[in-house]
Amino acid sequence: MKIAIDVDDTVVDFVKPFLIYYNRGFNTNYSFEDINSSEIWKCLGLDKDSFRDLLVDFRKTSFFEDRVLYSDFKNVFEDLNKKHISCFVTSRSKEVSRETESFFKRNLNNFNTPIFYSGGIHPTENGSKAEICLEKKVDFLVDDNEIYGLDCAEKGIGVFLLDKPWNQGDGLPDNVERVEDWYEILEKLK
Ligand SMILES: [Mg+2]
């Protein structure tokens, strides 16, 4: 079984540090639980363009820089990497590809997994996550975003959806499995 892995809120926190950045900057008080849609900008009363602009700014701050890899992912990485990991697939801007790569190299030994940058938030010449997963012939996408997950599921790709406040919609199709953490994913792949 080959898996493609999302980055933000799948192997490293995004929403938590972004909310700290946002609440400080705009004197608001949003909590993790307030983010109840994968379209985060809507939860903050923003349009997508303003959110995208904020991301560019956020990514220059220490909130972005100081994050560390989830410990459960770090613990299972070697095991998964032997048989299962095909690539990372993220809707981060390609402009942060250098930072993204160096983040993984800092956090994982002998890191040489390909990272693909999909469309979704930032304009890119690359396809959607589902298109990339199809092209790379992966069996599963691991993601926290149910919009990307449902798109993959529709195209016949299995999905492990990491349980988050923003992906609580019900009626998930059979090939989307809600999971708590990376230990559960490793068990299911065995
Ligand atoms: Mg994500």
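**Close-up views of the predicted model**

Three residues from α3 form the largest share of the lining of the largest pocket. The model is predicted, so that local features need pLDDT of at least 70 and side-chain atom pairs count only at pLDDT 80 or more, whereas totals for chains, interfaces and linings use all residues. Residues are numbered from 1 along each chain as its sequence is written, and side-chain values use heavy atoms, with hydrogens and water left out.

View 1. A pocket here is an open set of points, on a 1 Å grid over the protein atoms alone, with protein on both sides within 12 Å along at least five of seven lines; a cavity is a set where a 1.4 Å probe fits but cannot get out, and lining residues have an atom within 4 Å of a point. Grid points are joined across faces, edges and corners, and the volume is the space filled by probe spheres set on them. The lining of the largest pocket consists of 26 residues, and S38, S91, I121, N145 and Y148 lie nearest the centre. At least two lining residues come from each of α2 (40–43), α3 (48–58) and α8 (146–154). These elements are DSSP runs numbered from the N terminus: helices (H or I) have at least four residues and strands (E) at least two. Sorted by class, the lining comprises ten nonpolar, ten charged and six polar residues. Ala, Val, Leu, Ile, Met, Phe, Trp, Tyr, Cys and Pro count as nonpolar, Asp, Glu, Lys and Arg as charged, and the others, Gly among them, as polar.

**View 2. Three aspartates coordinate the magnesium ion.** D6 (OD), D8 (O) and D144 (OD) are the donors, at 2.1 Å. Donors are N, O and S atoms within 2.8 Å of the metal (3.2 Å for Na, K and Ca); water is not among the atoms, so sites may look incomplete. Along the chain, the donors are spaced as D-x1-D-x135-D. D6 has a relative accessible area of 4% and is buried; D8, at 11%, is buried as well. Buried means under 20% relative accessible area, exposed over 50%, and partly exposed in between (1.4 Å probe, protein chains only).

**View 3. C133 and C152 form no disulfide.** A disulfide is a pair of cysteine sulfur atoms within 2.5 Å, and a search of the whole structure finds zero of them. For C133, the nearest cysteine sulfur is that of C152, 4.2 Å away. This distance is too far for a bond. Both side chains belong to buried residues: C133 has a relative accessibility of 1%, and C152 has a relative accessible area of 0%.

**View 4. The second largest pocket is lined by eight named residues: K74, F77, E78, N81, N107, L108, N109 and N110.** The space in this pocket is about 150 Å³. Helix α5 (residues 71–83) contributes the largest share of the lining, four residues. The classes represented are four polar, two nonpolar and two charged residues. N110, one of the lining residues, is not a glycine, yet has a positive phi of about 50°. N110 is placed in the loop between α6 and β3 (115–117) and, at 72% relative accessibility, is exposed.

**View 5. One cavity of 30 Å³ or more is present in the structure.** The largest cavity holds about 60 Å³ of space. Elements giving two or more residues to its lining are α4 (62–65) and α6 (97–107). The lining residues are F64, E65, R67, R92, E99, T100, F103 and R106. Helix α6 provides four residues, the largest share.

**View 6. K137 has a positive phi although it is not a glycine.** The phi angle of K137 is about 55°. K137 occupies the loop between α7 (129–135) and β4 (140–143). With a relative accessible area of 68%, K137 is exposed.

**View 7. G158 lies in strand β5 (residues 158–162).** G158 is buried, at a relative accessible area of 7%. From C-alpha to C-alpha, G158 and P173 are 9.7 Å apart in space, with a separation of 15 residues in sequence.
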